[in-house]
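Good morning, colleagues. I would ask you to look at the structure on the screen while I describe two parts of it in turn.

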Amino acid sequence: MWRPGEAAPSRSSTLTADSLLSSSLTSSSDTHATILPPSQHPNPNALPIQAHRKQLLYALEHNPVVVVVGETGSGKSTQLPQYLVSGGWTENNFQVCVTQPRRLACVTLAQRVSSEVPRSMASQVGYAVRFEATTDSSTKIKYLTDGLLVRETLTDALLAQYSVVVVDEAHERNLNQDLLFGLLKKIRKQRPELRVVICSATINAESFREFFATPEHPGCIVSIDGRQHPVETMYLTTPCPDYLRGAAETVLKIHASEPSGDILIFLPTAEDIESCIRMTEELKKATPGGRGMQLSLLPLYAALPHHMQTAPFQKSPPNTRKATFATTIAETSVTLPDVKFVVDAGFVKQPYFDSTKGFERLLVTATSQSSARQRTGRAGRTAPGKCYRLYTHDTFNSFLPSTPPEITRTSLSNFVLTLKTLGVDNVMSFDLLSAPSVNAMAFSLEELHALGAIDEKGKLVPGVGDLMGEFPVEVKFAKMLIESVSLGSTEEALSIAACSQVQSIFLFARSSTQKRDRDAAIGAIVHDSGDHLTCVNVLRSNDWRSMDYCRENFLNHKALMKVAEIKNQLKRFMLKMTAGSLPGVGEDGDDELVLKALVKGFVFNVARMMPDGNYRTVRGNNVVEVSRASMFAEFGKHAEYIVFEHTEDNPRKYGLLQVCGVSAINGNWARSKSGEGERGGVSVFM
DNA sequence: GAGCACTGC
């Protein structure tokens, strides 16, 4: 017998593309759970976790670390904290905290639990996310983002206010979670009374238990049933040569032959989504089908304008079937109601850190088995469903069992700097669930050294590294902010650092007339050095605060509001750091000094024009092309040297790095430390 | 020939 969440290869049907939708073939469900839908369980006492209340409290009484395995809908995120309160874990002013990867989850969980507890306790359930908190000293249950808990360790290294720390959604293995696992293990050595609960949806709970196990306390694992409806999983017998066409055809076949129920299609990129919608549209004209039922095709990805993101969440009007074409955003971040059919192309666009070049790259790759199962599960949230995998069973078996943890795929500079700020100098000896790549670690140490954050021995440099570690921004931006103080361009550096944390402060043009209007509007505010001073220009006037002005000038008002909020927070950090004296803040600085500060942080991201007309990075000698997404590509002046914020891969020109966030600079500003003509970096920090 | 995996401090 296989287990919930695992595929059942021997019992899944194998189909050809043509018979993919034939109901005569036998197939099996992807989970064994047959449980009533949530709507029939208004009483939280009926949640699957309820049967485990005593077991959980007993386990925690006797084991300092407990791993809870529970599928979606088991009720662990809402009920477990309440059990902890009733079990006495919040006595003596202690708090119980539950971490979540996403802000929205913190807010909704806190609201929900607050409404479930006795009225006298409602105000003792709160949440804390960046810019927003409803917690105080009377709080007993606190939901917070895992990133915020990491930052709390900077001010309270032992997390002394908490008796129990619950790390939820641990199977995601994001960088903050892995950092927390290491920190919690360390904290437990000094605070053995601290209890740790790891909640994970997958069955590899054993690795969590093992990580925290000691000879006296081996830890324990508690499994809880989920509440998921069965989903039939179907594979192709022969690989699909064109997943866009395959997806479009499958959607139309579902529409023609299946009873009502919405469709969710997983594709790797926004571009794929737009062209697959067009393709489905055209195929539909040729072969209508659907027995008079309407089919509405909707895109869903993060970069979509906000007003277009709401449609997939509306209930379908009668006689209409929604088909939502989505990226991984629909895998974990958001949940669409009423999805009964999932079509999975089997690909994902993911970043990985190229430590030889020192840049993060985005590549389309095969998804993992666990994410394929997660996608499948999206068909069984309200009723039994079906999942059509646009690949063969052998292909599924060739997928990695799970997505590699973020720590193995990302730049480690901020991670290392945080550890050093917390006093962990020997980062190689810090206990982690998964080891990062040695090359990525070496690159980050080299970068931190080049930025002056650490010395040759790997120790934090006072007045630079310690301050950089406090900033909630990437290390390159932290360095820019610190350098801007002596240059007198802090106001602008704050604008640039804040802008880097939103997708884009500009809106996209859809039609060609819009494009003309947009070019005219942006042409009036753009700075010919490129993206950075353009963003400074936008924020220098307060015109953006008017929504009408934004609409007319293709500015993203919502993004700019967020930029202003981030800028304020960063400004508070800066003022605290410089004891309240910041020359130039609130005044316009010299444009040249703004770019000089930027280059101090982005020494590794400088490129020089070669005689053949290509830009090559000064460090690494890689050819880079300015992305059309950059203002510099369209409005920039000729420049021998440029600085860029990040790189992206162009799928049409494989291997050629595109750069965005580009500004023209004077090469002399970068020459000292960028590695040109000298061997950059340091050797060993073991 | 036309821009955009996804979180988070």
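**The DNA strand and a pair of helices**

In this predicted model, a backbone N or O atom of R130 lies 2.9 Å from a phosphate oxygen of DNA strand B.

DNA strand B is surrounded by 27 residues, and the closest are R103, A303, R628, A629 and E648. Of the atoms of DNA strand B that come within 4 Å of the protein, 56% belong to sugar and phosphate.

Which elements supply at least two residues each of the surface near DNA strand B? They are α4, residues 146-155, and β15, residues 347-354. The largest share, three residues, comes from α4. By class, this surface has 13 nonpolar, six polar and eight charged residues.

I turn next to the helices. Two packed helices are described by the angle between their axes and the distance between the axes. Here, the axes of helix α1, residues 53-62, and helix α2, residues 76-86, come within 10 Å and cross at roughly 65°. The crossing of α1 and α2 is right-handed.

Which residues meet where α1 and α2 are in contact? From α1 come R53, L56, L57 and L60, and from α2 come L80, Y83, L84 and S86. This contact has six nonpolar residues, one polar and one charged.

Technical notes
Residues numbered from 1 in each chain as written. Chains lettered and ligands numbered in written order. Predicted model: local features only at pLDDT ≥ 70, side-chain atom pairs only at ≥ 80, totals over all residues. Heavy atoms only, no water. Axes fitted to C-alpha atoms, helices over the stretch in contact; angles between N-to-C directions. Helix = DSSP H or I, 4+ residues; strand = E, 2+ residues; numbered from the N terminus. Left-handed = near helix turned anticlockwise from the far one by under 90°. Contact = heavy atoms within 4.5 Å. Nonpolar A, V, L, I, M, F, W, Y, C, P; charged D, E, K, R; others polar. Near = heavy atom within 4 Å. Polar contact = N/O pair within 3.5 Å; in protein donor to acceptor, adjacent residues only side chain to side chain.
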